[in-house]
Amino acid sequence: MPHIALITLVVRDYDEAIRFYTGALGFELVEDTDRGDGTRWVVVRPQGAAPGTGLVLARAAGAEQEASVGAQTGGRVGFFLHTEDFAGDRARMLAAGVRFLEEPRHEPYGTVAVFEDLYGNRWDLLQPA
């Protein structure tokens with residue numbers, strides 16, 4: 001059965017992106033391979049995520065890609081981080097400097113709050129009902 005494995009997220013800098021995703025969001029670094037041409041193959045994923053699932057952190061190359069950093073979904077929430085401990089994960093993320101754009105809200109589908117990554121991409125932290 002086909003499935004989505006990796007999604008590319010265009011970033012300004014490999015190391016700052018790795019620090020944010022592994023530090024502030026608690027992801028694990030799955031791979032960081034020098035490709036020999038000044039680029040790297042960098043994959044991160046949430047702790048406990050299925051093998052083969054993750055984000056490819058790709059450093060922007062050129063003005064067009066630079067312009068897309070932080071705006072890959074046109075200002076909409078484009079990424080959804082599910083949790084089984086909303087309060088605990090939100091508190092940990094706040095302590096790490098993650099900027100939440102709203103207070104938690106309770107919806108029929110679960111508890112949710114929008115936050116931004118270090119570039120301004122919008123994410124939902126969501127504990128499904």
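Predicted model: local features only at pLDDT ≥ 70, side-chain atom pairs only at ≥ 80, totals over all residues.
Residues are numbered from 1 along each chain as its sequence is written, and side-chain values use heavy atoms, with hydrogens and water left out. Local features required pLDDT of at least 70 and side-chain atom pairs pLDDT 80 or more, whereas totals for chains, interfaces and linings use all residues.

The largest pocket holds about 560 Å³ of space, where a pocket is an open set of points on a 1 Å grid over the protein atoms alone at which a 1.4 Å probe fits, with protein on both sides within 12 Å along at least five of seven lines, and lining residues have an atom within 4 Å of a point; the volume is the space filled by probe spheres set on the points. Its lining comprises 27 residues, with Phe27, Pro46, Phe80, Leu81 and His82 nearest the centre.

A search of the whole structure finds 9 salt bridges, each a side-chain nitrogen of Lys or Arg within 4 Å of a carboxyl oxygen of Asp or Glu. Arg45 is buried at 14% relative accessible area, while Glu28, at 24%, is partly exposed (buried, under 20%; exposed, over 50%; partly exposed, in between; 1.4 Å probe, protein chains only).
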